[in-house]
Each structure stands twice: as C-alpha cells, then as structure tokens.
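Please consult the sequence and the structure shown below while reading it.

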Amino acid sequence: MKVRWFSLYFLLVLVGIIGLSPLQQTTAATDSFQAKEKELQQAQEAQSRAESLLQDLAQDESKVMAELRQLEEKLAAIHKQLVALEQDLQRTEQTSTEIKKNIEIASSRQAQREKELGAIMIRYNERLRQIYMSGGIDLLDLLLETGDPSELALRLRLFSALLEQDVALYNEALEKKVALEEEQGRLQRQQTRLSQEEKRLAVLRQSTEQHYREVEQAKSQRDGQLAQILAQQASQEQALAEYQETAAKITAWLAQRRTPPLPTDQTGKVRMLQPTSGKITDEFGWRIHPIDQVNRFHEGIDIAAPEGTPIKAAAGGRVVLAGWVGGYGYTVIIEHADNLSTLYAHAFLLLVQVGEIVNSGQTIAAVGNTGLSTGPHLHFEVRRSGQAINPREYVNFGA
Ligand SMILES: [Zn+2]
C-alpha cells in the first residue's frame, strides 16, 4: 500500500473542502449542462417529429392534388358532354320546329283540299240536280217525252260524260287528300319521335348536370382538405423552424460551456491558474529522464507536492479523459477553448468523470505517485491542437 497516513489526512481535508464524497462528484455546472443536453435532445426529437409529420403532409398533399387533377379532368369531360347535349337538344328543337311548321303547312293544304272537294261535290250535286230536275222535268219524263231513243241516248251520254268528269276530278282531289293525310301522319310520327328524343336528351342533361354538381362537390371537399393540409404544413414548418432555432441556441450554449472563453490578462494574453502549489522539479524541454536515464523531451512541467494535495483545473472546460493512461498513471485531460487542452498526470485520486464541465480552479484530482513516477508530483501539460507547448506560456508559476 502506497497510501500513507498523511495522504489520508490530505484526502480527508480535500473531501472536507469540496464537501462531497468522491462518489458524488457531479457539480451544479455539470447538472445544468446535462439538463441543457437533455433539452437539446428533446428539441431534436421534436424537430424530427415535425419533419416526419411534414413528410406525411407532403404525401397527403400530393395524393389530394392528384385527386383534384382527376376531378378537374372529369369536370372538363362532363362539361364537354353537356355542351354536346345542349347542341343535340338545340338541333332537335330546331328540327321539331321545322316539322311543326311543315305540319301546319300540310294542314292548311288539307283545308284547301277539303274546300276543293267540297266545291266539286257541290258542282256534282248541281249537275245531278240538273240531270234529274232540268227544266222541272224528271229524268223518266225526259226519257219518255223524247220518244226518240237515239236522242235519249245522246242526252244520257252527254250527262254521263259530264258526271264522269266530275267523278274523275273528285277522285283526283280525294287522292291528293289521302296523300296529304299520309304525309301529315308521317310528319306527326316524326314529331312524336323528336319530342321523345327531346325528352330523353333533357333527362340525360339533367342527370349529367347532377353528376357535374356531385363531382364539383367532391372537388370542393378536396379543396377544403388541401387548404387544411397547407395550413398544417405552414404551422409545422413554423414549429420546425422554432425547434431548429432552439436546438441551435442550445448547441451554441453547450459549445460555449464546453469550452468557455479563456481568461486573459491586460495585454490580451490567455492566462491559466497554477494547478497545484508545490516546488517545480522539472521544466518543459529536453532532459535526461529520471527513470531510464535517456535524453528525452519532457512535454510538461513537474510540480512536487505531498500525496493528496488538491489538483485544480487550470481553466474551465470539459473533461475528455479521466482514467489510467500507462506511464502517466491516473490522468485527467480537460478540453478548453482555442484548441487548447490541459493534462494532469500521476494522480492519487480522480474527482471528475468524462463529459463533466469543470470551472477554472475546480478540484479535479489529488496529487499522487501513480504510473512511471519517482515520487508524489503533478505532471502538468498544456497542448494546442494536441501539440505539447511550454505551460509557462499560459501559467505564471509562483510557489
Ligand atoms: Zn513530468
């Protein structure tokens, strides 16, 4: 056991100073840092939720848009049908009107024929009357009176020729009348067909108009859906922007906390604290190594101090290593701003964990003699972008 009584004394003093047991070493700074990290995680989760919601909305949008396009095409097609139907109806009505006119013409001709037939009948009756009653003598009297059969035959032929002519005229007029009646019947049938067609077209137009209204209603429903989707998109995009802004703010805060700006002196030079009090036993640079006696580059400064002496963070930053590192023994590395880091080796005890945020001057470990070490001391390094530099560039070593 390397732990000596005075070391234990220092350890107890140390624990007394920082007021925490070594197992409960989280600090308020770390707590708030972790809280912020959690907040960041929540903002990022909300962000990805908003993103996936936006993806869903975009899918919905393209679906509704496609439906709208289809409905618009349907409406255009129905409109075309309606225009065609309207034309058909107009044509049918026009034809119907023409046929009505023709029917009227036919009936007026029919009336004419009736009149003609009436005139012929009157003439015929007149002639018959003349035949039978000419001069107040009836036909029999006339026949008997003549006495001359040839004279009688002549008279009869004359009358019958006149009668035949009347009959022929009558028949001719009657034929015309029948033909006209047939024509009228044909026109009437045509008229009936046309009015049936008109009715059919009107019904078709009504049902097509109904269909148009239904499609229009479906379209206006889709329009409403689209408006809703667009509104949701706008609100989600706004929410997304807010989450992104929050995440960016927290990220900046965390970065600032992780590597806080380093304190500077009046000339603007970065200044760090001396990590532990004690005598400087070895400087930065070439030297004969105390253990293997070989000329080696010493990458830090050695400060001898009794085991258990507190080691303090030379500047605020984030612990990136806290554990055993071969010849360095128990070691802490803190990352600072400006690509700087500090290293504390050969510790007896570590009081921080990786990821912890430490303030400048915060006790992070206790001096020890672990690793390749010839006695209790702190091996302290400052590195810029991983390259060891003389700690005296940043620290004014006093005692
Ligand atoms: Zn050293």
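The model is predicted. Its strand β8 spans residues 340–350, and eleven of the eleven residues are buried, so β8 is largely enclosed by the rest of the structure.

**Strand pairing of β8**

- Strand β7, residues 330–335, runs antiparallel to β8 and is joined to it by five bridges.
- Within this pair, Ala347 of β8 stands opposite Tyr330.
- Four residues separate β7 and β8, which form a hairpin.
- Strand β11, residues 377–384, is likewise antiparallel to β8, with six bridges joining the two.
- Thr342 has Val382 in β11 as its bridge partner.
- Strand β10, residues 363–367, pairs with β8 in the antiparallel sense over three bridges.
- Leu350 has its bridge partner in β10, namely Ala365.

**The largest nonpolar core**

- This core has 38 residues, and those with the most contacts inside it are Val332, Tyr344, Ala347, Leu350, Ile364 and Ala365.
- Two or more residues come from each of β4 (301–304), β6 (317–324), β7, β8, β9 (357–358), β10 and β11.
- In soluble globular proteins, nonpolar side chains tend to be buried together.
- Leaving aside residues up to four places away in sequence, Ala365 touches Ile311, Tyr330, Val332, Tyr344, Ala347, Leu349, Leu350 and Leu351.

**Residues with positive phi**

- Most residues other than glycine have a negative phi.
- Asp338, in the turn of the hairpin formed by β7 and β8, has a positive phi of about 60°.
- Asn339 is not a glycine, yet its phi is positive at about 60°.
- Asn339 lies in the loop between β7 and β8, and it counts as exposed because it has 12 C-beta neighbours inside 10 Å, the cut-off for exposure being 12 or fewer.
- His346 is another residue other than glycine with a positive phi, near 65°.
- His346 lies in strand β8 and counts as buried because it has 26 C-beta neighbours inside 10 Å, where 20 or more are required.

Methods. Residues numbered from 1 in each chain as written. Predicted model: local features only at pLDDT ≥ 70, side-chain atom pairs only at ≥ 80, totals over all residues. Pairing = 2+ DSSP bridges. Core = buried A, V, L, I, M, F, W, Y, C linked by C-beta atoms within 7 Å. Contact = placed C-beta atoms within 7 Å.
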